[in-house]
Structures are given as C-alpha cells and as structure tokens.
Amino acid sequence: MNNFKSLFLVTIHIFVSLALNGQANNAKIKSESKMNTIYPKQILSGNKTGVYKQVLNADQTTVSKGDYINIEHFISGYGLVDIKTAKIFYSTSADIIAIPGSFITHSFKSTYYDDVDETHIGWGGKTEPITRSSAILVLSGTTDLEGRLATLTSFDDSHKLRPPVIMTEIFTGRYIENEQAPIHWKIKIKDDLKAGNYYITFVFTYFNGESWQSDKVELPIKVMAWYEKQESLIQKAAWFIFFITFISFILSIISFIDNKKGLKDKSSKEAEISNTISKLNQTIKDLNKTNKNLINKVNFANKKDSINIKQEIKKKKSK
C-alpha cells in the first residue's frame, strides 16, 4: 500500500513538473516569438543570442578650436536584440562641445524618386541639437511607406545578401553626395577650449534575448595649440630659411675660392713686379758702376794729358 502511494506521488510530481516546464517553455517561446519580430530573420541562426559592436568613422580627430567633427556611427552584429530598450549613451571627458552648434541626425525617413517611381527607406529622418551628454533611443521607428505606416528597425536585414547585412551597417541614399549613415554626429568644438587631449564616449546597451549587454567605444580628440595649427606654415618658413642659408653658404664658398684665386694672382703679379724692380735696380747699379768707371777713365785721361802738357812746357822752357 505504501509502495503504491509512493509511486502515485512520484507520478503526480513528474506530471506537474512536465506541465510547469511546458508552460515555462511556452512562455519563453512566446517571449522569443515576440522578440523575433524585431530582429533580422533572413537566416535561421538569427534566432540565436545577439552580439553587436559599435563602429565609428570620424573625418578628423586632431582639430583646432571652433572646428567641426563629423562622425558616422554604425552598429555591426547579428541576432536577437530588443529594440524597445536598446539605447546609445554619449558623453565627453570635458565640456568640449559647442552648444548650440552641434547636431545629431538619426532615424528612418522615406524618400520618393520620380524617375523610378519608387519610395526608398533610408537614414536621416530626424536632426536634433546635441547636449553635452545624453541617452538617445534611435534604433526603431515607423515611417510612411507608400501611404501606410511601416514599422522598421535598425536591425532588420537591408536586403537578402549572404552574409546578411543589417540596416545599421550600411549607408543609405542613391548617390554618394547624399549618403547617410545610421547615426551622424556633427560636433562643433568650443571656441575657447584649451589645447589638450579629450575623448567622446559612446555606450550601446541592449538586451540580446538572454542578458543585458553593453559596448563602449571612446573616440580620442586632440585640440591643437596655436603653434601646432600653424605647423605647416612654420615648416614652410623653416624650409625657406634653410634654403636661403644653403644658398648663402654656397655663395660664400664661391666667393672664398674667387678671393683665394685673386690673392694668388695678386701675389704672382706682385712677385713679377718685384722681380722687375729688382732687375731695374740692378741695371741702375750696373749703369752707375759703368758711369763711375767712365768718369774714372776720363779723370785718369785728363790727368795724364795734364802731365804731358806740363812736361812739354818744361821742355820748351829749357830750350
């Protein structure tokens, strides 16, 4: 009897457990089924837990006071995500954003093209001013699609591709000049901001079907000092000074060579003149010597003649 009672109780326990598990599974399936309407469904594995990461593309990160930074913000990944609670929070390491003057563009919009008689869905539906920090819900929305409201999500497949591509991974727009990223930030740097290193933080928080997830990205920003801003001009001036100095150096070498050559020529000419003068002096000495000899000879001849005359006079007197 006791064995029968125990068996009966075990049977009831198993039955109740199965029933409760079935209800729990049904509830989970219904919950997931509800979530399945807001995630990409092009492939079967889209029913699995979602994983997503942010991708930022800034046109510049080294700026001057008053400059604009344009940031194209994408989210890449796949799988379950609850768009009703997904959000992006942004903040800065210091008060670097000029307000007013900075904007964020997001959400869907529909555009009708006459040439193809089609309405295209794309990004850029709403533009709002940016504050220093805030949380934004920009990952879902409704839009007027050919006269009816169409519910779209940022994580829908954009088209049937393999591998599948979701909306937050692509630009939209028919032409390059009007391409629009999922989220576009136009941030103006304050005019009176001190030079230094700053950063902008973006945090994407979402529920992936099993747990809450958070992806954080920091974009470094360097604000240049005035002399860094003029770096290219300073470099050009430095090159110009170097060029002038180099030319002056070359000209100095040429002048030195010419002067040395001139000194050598001058020295040679001076030596030639000195040699000529020496020869002239020697010639004068020789002439003086010759003249002296001639004078001596003349004197000697005159003296001899005088003696002869005296002797003749004596002879005449004696006769």
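Is K53 buried, partly exposed or exposed? K53 is partly exposed, with a relative accessible area of 48%, where buried means under 20%, exposed over 50% and partly exposed in between, using a 1.4 Å probe and protein chains only.

The model is predicted, so that local features need pLDDT of at least 70 and side-chain atom pairs count only at pLDDT 80 or more, while totals for chains, interfaces and linings use all residues. Residues are numbered from 1 along each chain as its sequence is written, and side-chain values use heavy atoms, with hydrogens and water left out.

The structure holds four salt bridges, each being a side-chain nitrogen of Lys or Arg within 4 Å of a carboxyl oxygen of Asp or Glu. Among them are these:

| Salt bridge | Closest N and O atoms |
|---|---|
| K53 and D215 | 3.7 Å |
| D95 and K190 | 3.3 Å |

D215 is buried, with a relative accessible area of 9%. In the last pair of the table, D191 is exposed at 54% relative accessible area, whereas K188 is buried at 16%.

Seven aromatic pairs are counted, a pair being rings of Phe, Tyr and Trp (its six-membered ring) with centres within 6.5 Å, stacked if the planes are under 30 degrees apart, edge-to-face if over 60 and tilted otherwise. F108 and W123 are stacked, at 4.5 Å centre to centre with 20 degrees between the planes.
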